[in-house]
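Here are my notes for you, written as numbered points. Keep the structure open beside them and look each place up as you read.

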Amino acid sequence: MAAPMLRGCCLGRHWALACIDGGSRHGRGAATGFTSSGKRGQSFVAQQPHITAQKSRKGEHKWEAVVGLEIHAQIASNSKLFSGSQVHFAAPPNSLVSFFDASLPGTLPVLNRRCVEAAVMTGLALNCHINKKSLFDRKHYFYADLPAGYQITQQRLPIAVNGSLAYSVCVGKRWRQVITKTVRIKQIQLEQDSGKSLHDELRSQTLIDLNRAGVGLLEVVLEPDLSCGEEATTAVRELQLILQALGTSQANMAEGQLRVDANISVHHPGEPLGVRTEVKNLNSARFLARAIDYEIQRQINELENGCEILNETRSFDYKLGCTVPMRDKEGKQDYRWLLLLSKYYYVFGSGTYFKSTR
């Protein structure tokens, strides 16, 4: 049976696990005054997230949850990142595919100026340092909807680094107190989107639509400064508003223009971070919160029962309300990162957006 969902705002990183009537319940004393009895009082340690509101009872165990996000936003551009194919939602399958998108031999990329400008604007709005020189890398892996067998992205030298995103959460009695928190931004990078796999269960076949292949994405990588589903959801919604205000992305989650990967782990306070799992392709703010809170509780239950947490990628089944395994983490696979040297790069401030050896 699925574990019960977590409720209420949860600032800080302390989770208390206690057995009640043969079941289990999570409380978040440091954030909202929740205790294991389920009563709620006003928080007096909202500004001190690493201190619990009360001493733990005998038999209870304190846990810290650590959450980091990778947010993929589709750039608002008329054409794709490296080709002139149009970008249009709900177009007929495989109707917006250039020779380069289909990875035909001999085709070469040309960088979209609009995508670079959108990345720079977003980086400035998020207090990032803009690298005057950024490089592209090739990330090799095989999927049916990735015809080239690799993705052009940025790893070593992305377009922007070291930013911050402020967001507000409600705490206190009746949620009347609003405090501002900040999550650090590790980097903002440009990358290609992949195609889309359409699974036909009735005919037991999978169809591939390459309309989305090569669409420009902004990947915003957040440091693991979050601690629960509500914080993650609030931060994503704040970023969504910023992107829409800038016009760099429409960020419509219903149309797949904003997708989130969540990296989650739990550990005891003062101990090293636990083994993390990644929940992929969350395209709803509500599902994002549910997936993170469920995964935190699942990991705590596994550790309490003497089991180990696997370093794996999982997906969220919204019908069952739980996460399910997909595959091992990329660290256990051979992705064969390749640096594209000077073939594809952008020099900020020099007026040169693309240099090619051809």
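Predicted model: local features only at pLDDT ≥ 70, side-chain atom pairs only at ≥ 80, totals over all residues.

1. Is Lys280 buried or exposed? Its relative accessibility is 18%, and buried means under 20%, so Lys280 counts as buried. Setting aside neighbours within four places in sequence, Lys280 is in contact with Val260, Asp261, Thr313, Arg314, Met326 and Arg327.

2. Stay in strand β14 and look at Asn281, which lies there too. Asn281 has a positive phi of about 55°, although it is not a glycine. With a relative accessible area of 48%, Asn281 is partly exposed.

3. Asn127 has a positive phi of about 60°, and it is not a glycine either. You'll find Asn127 in the loop between α2 and β4, the strand at 129-130. Asn127 has a relative accessible area of 52%, and the cut-off for exposed is over 50%, so Asn127 is exposed.

4. Now step back to the whole chain. How many helices and strands does the chain have? Count four helices and 18 strands. The chain has 358 residues, and 51% of them count as buried. Take the contacts in the chain with a separation of 6 or more: 66% of them are between residues 24 or more positions apart.

5. A word about confidence before you zoom in again. The mean pLDDT of the chain is 80, with 75% of the residues at 70 or more. Over residues 1-9, though, the pLDDT is below 50, and this stretch has 24 contacts in the model beyond near neighbours in sequence. Residues 16-59 also stay under 50, and here the model has 99 contacts beyond four places in sequence.

6. Next, a pair of helices: α2 (residues 113-125) and α3 (residues 229-246). Their axes are 11 Å apart, and the helices pack at an angle of about 130°. α2 and α3 are therefore oblique to each other. The crossing of α2 past α3 is right-handed. Which residues make the contact? From α2 come Met121, Thr122 and Ala125, and from α3 come Ile242, Leu243 and Leu246. By class, this contact has five nonpolar residues, one polar residue and no charged ones.

7. Helix α3 also packs with α4 (residues 285-304), and their axes come within 8 Å and cross at roughly 150°. That makes α3 roughly antiparallel to α4. Is the crossing of α3 past α4 left-handed or right-handed? This one is right-handed. On the α3 side, the contact is made by Gly229, Ala232, Thr233, Val236 and Arg237. On the α4 side, look for Ala285, Leu288, Ala289, Ile292 and Asp293. Sorted by class, the residues in the contact of α3 with α4 are six nonpolar, two polar and two charged.

8. Follow the chain on from α3 to Met253, which is found in the loop between α3 and β13 (258-267). Met253 counts as buried, at 10% relative accessibility. What is Met253 in contact with, leaving aside its neighbours within four places in sequence? The partners are Gln240, Leu258, Val260, Leu282, Asn283, Ser284 and Ala285. Check Gln74 as well: along the chain, Met253 and Gln74 are 179 residues apart, while their C-alpha atoms are separated by 10.0 Å.

9. Last stop: Ser85, in the loop between β3 (61-74) and α2. Ser85 is buried, with a relative accessible area of 9%.

Note on methods
Residues numbered from 1 in each chain as written. Heavy atoms only, no water. pLDDT = per-residue confidence, 0-100. Contact = heavy atoms within 4.5 Å. Axes fitted to C-alpha atoms, helices over the stretch in contact; angles between N-to-C directions. Helix = DSSP H or I, 4+ residues; strand = E, 2+ residues; numbered from the N terminus. Parallel < 35°, antiparallel > 145°, perpendicular 65-115°, else oblique. Left-handed = near helix turned anticlockwise from the far one by under 90°. Nonpolar A, V, L, I, M, F, W, Y, C, P; charged D, E, K, R; others polar. Buried < 20%, exposed > 50% of the residue type's maximum accessible area, 1.4 Å probe, protein only.
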